[in-house]
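Work through the exercises below with the structure open beside you. Try each task before reading its solution.

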Amino acid sequence: MFKLNLKIAWRNLWKNKGYTLINILGLSIGMASCILIFIFIRYQMSFDEGFKNEDKIYRIVSTWDYADGNQFYSQGVPLPLTAAIRNDFSPYIEKVAAIENSAGMIKIKDANGKERLKTIENVFYVEPEFFEVFNYNWLSGNYSSLADPNHVVLSKEMANKFFGDWKTALGKSFSFDDKVNYTVSGVIDDVAENNSVPLKIMLAYKSFNNNRLTNWGSVSSSSESYFKLKPNVNIETLNGPLTSFIKKYYVEKAPGKEGHLFQPLADIHYNEKFGNFSGRIMPKKQLYGLVIIGFFLMITASINFINLATAQAVSRSKEVGVRKVMGSQRSQLIIQFLTETLTIVFISLLIGSVLTEIALPGMQNLFNSKISFSIFQHPIIFLFMILLVVLVSLLAGFYPAMIMSGFNPALAIKNKVIANTGGLGLRKILVVVQFTLTVTLIIGTLVILQQMKYVREQPLGFNSSAIAMIDLPNDSATVSRFSAFKAQLKQISSVEEVSFCRTAPSSQNNNGNTFSYNGGKDADFQVNTKNADEDYLKTFDLKLTAGRNLVKSDTINEYLVNETLLKKLNIQNPNEAIGKIISMGGMKAPIVGVIQDFKNKSLHENIDPILIGSLRTRHYYAAVKLNAKEMMGTMKIVSKIWQQTFPESVYHEAFLDDQIKNYYEGERIMGTLFKVFAGVIIFISFIGLFGLISFVATQRTREVAIRKVLGASTMEIVKMLNGSFLLMVFLANLVAWPLAYLFVSKWLAGFAYRIDISIWPFALAMLISMLITLITVSIRSYWAANANTIDALKYE
């Protein structure tokens, strides 16, 4: 029976090749888009999975609440916290481990003692208990060796890179930062890309030396702590002990009330507040947005199918009547029509799979992720494709099947089934729904593009163009060469300015500290601290509003502050602050100047109160301002001078403009997706519209011919056929506007600096939708109006 139904379905589809092509084209593009969205979401949802008892693993994170309502969050914890947690929470926690992120220079010598490899690498200082919280695949050695200093565990990739073959890596050694020699005592299999802790080089935690090891008042995002609950303990059980813990170790009346939260492992990849070592965050709201877009796509493609199928119902009425007279049951007819739909959907899936393979490299490049379309590697993708076929077949095919199988056989055989059967009203509603989704996406795309243009053009308060941030060696032995290095750079004609600093004015690497002003109590907010030399203002074109610049000195420390800091201290006149003393971290220094506010983070966030100090020992970068026309040639000279000055180190550079662009990577991706998928939905909508007007024109061929015989002009006939479609698209715009307004308002709320929502994206979306509708419908209407009237009337 199925074989017969399939044969009949194929004959009917081949008979109506034009409408079949329109349906397959719309469905295949929609299904390809849905598959792409699904495999991307599957990849993102796979982060930090596969660990034993992963639902019992948590990360401890830090929070601060200030009296002015400000809240601060950090993925890091004070260095002494892990040991205290191990002691105070022992009844509840099975294992707890600290992990510290760092970076440094690794040197490896050959058998003759000659240096054969020198590289800067990201490293982690890890307690051995970390491998009892997380289970990794060990290729050789074991984690217990990390209980002793000067031991290191490598990933397979790093072992191969350093020693040629991971199998021979055990017992070999390398030097780190020219200070410590580490012996390889273990090799683990490569950690998957979809992991928030990208372990490659794991140094024994006991080798980590820092002046913050006993300091509860200092938190760095490079210091994390993880624990695993005991089997029968719920995380809520720890709330009471946590309150007592905070009272025990923290000053209760501090300006910023510090606290901690227990973040589930499953939340780390999605939570924007805290971040992670991999730097890969995918907020769930973006995943939900993709799900909604995928839903829109399939609804749009399915509406095309329903509209064309119900419109063609009249032409198949005699077939239905004959089948019923010959004894076919309604259920058999429904199965027949659903088989036709299933055939179209299956063919669309095959074409959609090819389109997915073609589009996959572009999506991998967009998201910078190794997304795979292998159904053997990820069977859930195959399951999704089967589910997609079933759902689309039912969604697109069930209603037309019910309509066509319900025809009265007597009327059907006599061709007296009226043209409106199959729900002309419903078809109009579906067209309105389809274009509502289309217009909503067009408006969303226009607003996103407008906001991103605003972000690009928003004045930052400093000049970021043509500035290279060059890493400086951070060991004390090389500091003495900084001045000579700077002097050589300034002799290059195409180098305009050079400044040594801890960070650029805008940076993701920010340090917050408590402080007191002019001998008073600690302020009820933190200050963002930066360190720089006397050329910092000139290099970045920062403007003074009061006082003077920092002076060149190896011993004197002084501060510049921004206007926001003074506003928070309720100081109206910047000159009042000059000469006042700032006390911070046991150090006192005067304010010598006030600078205009500048954007120190992304435009998602407000400007911080900022303090720039002149401590020379905290300069991590050389900011080199270049002549934009000679950048590439100049950077080769700069690199050569750097390598001559610091031959024992490894050169690295990055341009500030590129770093600032990375702040908006999520918005760039969403903007690209909206442009692509809005284009796809527009295309699907209008090929469906073309198919529908084609059928309407065919149904009204004789009417058009009679009107022409009676004197109607071509333009009058085109206008007649256009009217109802333009009205439907106009109504779709009216429905889409409030929906789009809610969407874009919520999205823009995530920016501290944002555009005002104007009428023009809504008006432009209406103009685009109405214009394309007018063009699409008019072309097909014109063909119908110019048809030979004799051919239409010769049988009358």
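**Exercise 1. Which residues of α13 meet which residues of α16, and how do the two helices pack?**

Step 1. Find the contacts, where contact means heavy atoms within 4.5 Å. From α13, Phe485, Gln488 and Leu489 take part, and they meet Val638, Ile641, Trp642 and Thr645 of α16.

Step 2. Sort these residues by class. Ala, Val, Leu, Ile, Met, Phe, Trp, Tyr, Cys and Pro count as nonpolar, Asp, Glu, Lys and Arg as charged, and the others, Gly among them, as polar. The contact of α13 with α16 then has five nonpolar, two polar and no charged residues.

Step 3. Note what the model is. The model is predicted, so local features need pLDDT of at least 70 and side-chain atom pairs count only at pLDDT 80 or more, while totals for chains, interfaces and linings use all residues. Residues are numbered from 1 along each chain as its sequence is written, and side-chain values use heavy atoms, with hydrogens and water left out.

Step 4. Describe the geometry. Two packed helices are described by the angle between their axes and the distance between the axes. Axes are lines fitted to C-alpha atoms, for helices over the stretch in contact, and angles run from 0 to 180 degrees between N-to-C directions. Helix α13 covers residues 482–490 and helix α16 covers residues 631–645; their axes are 10 Å apart, at an angle of about 155°. That makes the two helices, α13 and α16, roughly antiparallel (angles under 35 degrees count as roughly parallel, over 145 as roughly antiparallel, 65 to 115 as roughly perpendicular and the rest as oblique).

Step 5. The crossing of α13 and α16 is right-handed (right-handed if the near helix is turned clockwise from the far one by less than a right angle, left-handed if anticlockwise).

**Exercise 2. Is Phe482 buried or exposed?**

Step 1. Phe482 is in helix α13.

Step 2. Compare its area with the cut-offs: buried means under 20% relative accessible area, exposed over 50%, partly exposed in between (1.4 Å probe, protein chains only). Phe482 has a relative accessible area of 2%, so Phe482 is buried.

Step 3. Phe646 is 164 residues from Phe482 in sequence, and their C-alpha atoms are 9.6 Å apart.

**Exercise 3. At what angle do α3 and α6 pack?**

Step 1. Read off the geometry. Helix α3 (residues 81–88) and helix α6 (residues 239–249) have axes 12 Å apart and pack at an angle of about 130°. The two helices, α3 and α6, are therefore oblique to each other.

Step 2. α3 and α6 cross in a right-handed way.

Step 3. List the residues. Leu81, Ala84, Ile85 and Asp88 in α3 meet Phe245, Lys248 and Tyr249 in α6. By class, the contact of α3 with α6 has five nonpolar, no polar and two charged residues.

**Exercise 4. Where are Asp48 and Asp541, and what is phi of each?**

Step 1. Asp48 is in the loop between α2 (17–45) and β1 (57–66). Its relative accessible area is 5%, so Asp48 is buried.

Step 2. Asp541 lies in the loop between α14 (536–540) and β17 (544–547). With 37% relative accessibility, Asp541 is partly exposed.

Step 3. For Asp48, phi is near 60°, a positive value in a residue other than glycine. For Asp541, phi is also near 60°, again positive in a residue other than glycine.

**Exercise 5. Which residues does Pro590 contact, leaving aside neighbours within four places in sequence?**

Step 1. Pro590 belongs to strand β20 (residues 587–595). Its relative accessible area is 27%, so Pro590 is partly exposed.

Step 2. List the contacts. With those neighbours left aside, Pro590 is in contact with Asn557, Glu558, Tyr559, Gly579, Lys580 and Ile581.

Step 3. Take the distance to one of them. Asn557 is 33 residues from Pro590 along the chain, and their C-alpha atoms are separated by 8.0 Å.

Notes:
Helices (H or I, at least four residues) and strands (E, at least two) are DSSP runs, numbered from the N terminus.
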